[in-house]
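I opened the notebook to record the surface, the overall build and the packing of this chain. My entries follow in the order in which I looked things up.

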Amino acid sequence: MVIMTSTSSGTFLPILERIAEEISHTPGSGRPADYIPALAACDPRSFGMAVAELDGTVYGVGEWRQPFSAQSVTKVFTLALDLAREGDELWEHVGREPSGNPFNSLVQLEYENGIPRNPFINAGALVVTDRLQTRTGDAAGELLDFLRAESGNPALDFDQKVAASETAHGARNAALAHFMASYGNIDNDVPVLLDQYFRQCSVAASCADLALASGFLARHGIRADGSRLLGRSQAKQINAVMLTCGTYDAAGDFAYRVGLPGKSGVGGGIIAVVPGRCTLCVWSPGLDERGNSVAGVAALDRFTTLTGLSVF
């Protein structure tokens, strides 16, 4: 096998086409997230993949322009928006270590005094959303404005059906928020926080949208318009936490197979970053038992194998 290291679309596009062809013949597509009824009806065999270069050139294969429920992928952007505002103070309220437990676990919060292990498990994302809400008055709106600007897609929006579905089945997240509030680690009223959080997770975006929106992490903190969102060290910090904590309780396996900072969501999407080179988003709603897209992880594994692009 020849490893290709060029970043030109002339090299990437044939690789994406090859990956899509391989994925179409791969058994074991996983199951959609049936605990969120609005996601349960998704076809687990759907597949799309996009690559965005640093200059905003984007190309893809499959259903790469099809909007899907971004879910926990949005936690990366909320983290970046809050970190840009408050800096290292954030890390006094949420950790940076893998949890070793399911993403919606209550277990560690009690013996760690209401401080979540990392910003990508549900408890940690609730803390980050809470802190962004305190600073902006509309955390979900701030997120949406950012995603629209970075993706260049002004039509990008919340999916009200998904938000309502999550609200109706959000008892575990409510428990997490109330528990952390009892330790003084939540500032806003819990119903307000939950509304913001569920709206955040309900964003519908395509692979193209999310690959483009992630570009600031490959550009070391620089937004699409050339302005700086994060310092270079802050962008490095987010990429590091994505690598170690971004795929629920499978981050070690993801790092082993893919070798890139990544963040998954139970809608079937995964974003990944090649610092200084490009960003990717892959979508396929069939999930494994840990909540990660089966075809998505396999596609990213093949991408780094075929291109030789990883952080290792």
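I began with the surface of this predicted model. The protein chain exposes about 12000 Å².

Next I looked up the charges. I found 24 positive and 34 negative side chains in the protein chain. The centres of these two sets lie 4 Å apart.

I then turned to burial. Of the 312 residues of the protein chain, 57% count as buried, that is, they have under 20% relative accessible area.

For the build, I listed 14 helices and eight strands in the protein chain. The C-alpha trace spans about 55 × 40 × 35 Å along its principal axes.

I also looked up the contacts along the sequence. Taking contacts with a separation of 6 or more, I noted that 69% are between residues 24 or more positions apart.

Which residues have the most contacts inside the largest nonpolar core? They are Phe-77, Leu-210 and Ile-238, in a core of 64 residues. I followed up Ile-238: leaving aside neighbours within four places in sequence, Ile-238 is in contact with Val-76, Leu-79, Ala-80, Leu-83, Leu-217 and Leu-230. Apart from this core lies another, of 26 residues, and I wrote down Leu-16, Ile-19, Phe-254 and Ile-270 as being among them.

Definitions and conventions
Residues are numbered from 1 along each chain as its sequence is written. This is a predicted model: local features need pLDDT of at least 70, side-chain atom pairs count only at pLDDT 80 or more; totals for chains, interfaces and linings use all residues. Side-chain values use heavy atoms; hydrogens and water are left out. Helices (H or I, at least four residues) and strands (E, at least two) are DSSP runs, numbered from the N terminus. Buried means under 20% relative accessible area, exposed over 50%, partly exposed in between (1.4 Å probe, protein chains only). Contact means heavy atoms within 4.5 Å. Accessible areas come from the Shrake-Rupley method with a 1.4 Å probe; for residues, only the protein chains shown count as cover. Lys and Arg count as positive and Asp and Glu as negative; His and the chain ends are not counted. The place of a charge is taken as NZ of Lys, CZ of Arg, CG of Asp or CD of Glu. A nonpolar core is a set of buried Ala, Val, Leu, Ile, Met, Phe, Trp, Tyr and Cys residues joined through side-chain atoms within 4.5 Å.
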